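Please look at the sequence and the structure before reading on.

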Amino acid sequence: MTGAVERREVALVDLLDRVLAGGVVISGEITLCIADIDLVRISLRALIASVRVEAGTEAGVEAEDDHRPHP
């Protein structure tokens, strides 16, 4: 019995949107050593996620307030 593999083409933008909707954590470590002696160790972690602002939130209300004339 052979399983049929369905192939779908996904645009890069769609893939990026799906990844950012859930968020991605990237981590790494860099070590600088000379003669087997660790001199510098750097640990890096980055969280990459999208932030969506809904209409009617505080940011939207503040934007509307900017158009009023100041006394």
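Ile 42 lies in strand E2. Ile 42 is partly exposed, at a relative accessible area of 39%; this class lies between buried (under 20%) and exposed (over 50%), with a 1.4 Å probe and protein chains only. The model is predicted, so local features need pLDDT of at least 70 and side-chain atom pairs pLDDT 80 or more, while totals for chains, interfaces and linings use all residues. Residues are numbered from 1 along each chain as its sequence is written, and side-chain values use heavy atoms, without hydrogens and water.

Along the sequence the protein reads α-β-β-α, with 2 helices and 2 strands. Helices (H or I, at least four residues) and strands (E, at least two) are DSSP runs, numbered from the N terminus.

Of the 71 residues, 0% count as buried. Ile 42 belongs to a nonpolar surface patch of about 730 Å², together with Ile 30, Leu 32, Ile 34, Ile 37, Leu 39, Val 40 and Leu 44. Strands E1 and E2 (37-48) each supply at least two of the patch residues, and E2 gives the most, with 5 residues.

Confidence is expressed as pLDDT, the predictor's value for each residue from 0 to 100. The protein has a mean pLDDT of 76, and 65% of its residues reach 70 or more.

| Confidence | Element | Mean pLDDT |
|---|---|---|
| Lowest | helix H2 (residues 58-65) | 53 |
| Highest | strand E1 (residues 24-34) | 91 |

Where pLDDT is low, predicted coordinates should not be read in detail.

Technical notes. Patches are made of residues with over 30% relative accessible area and no salt bridge: like charges are joined within 9 Å, nonpolar side chains (Val, Leu, Ile, Met, Phe, Trp, Tyr) within 5 Å. Accessible areas come from the Shrake-Rupley method with a 1.4 Å probe; for residues, only the protein chains shown count as cover. A salt bridge is a side-chain nitrogen of Lys or Arg within 4 Å of a carboxyl oxygen of Asp or Glu.
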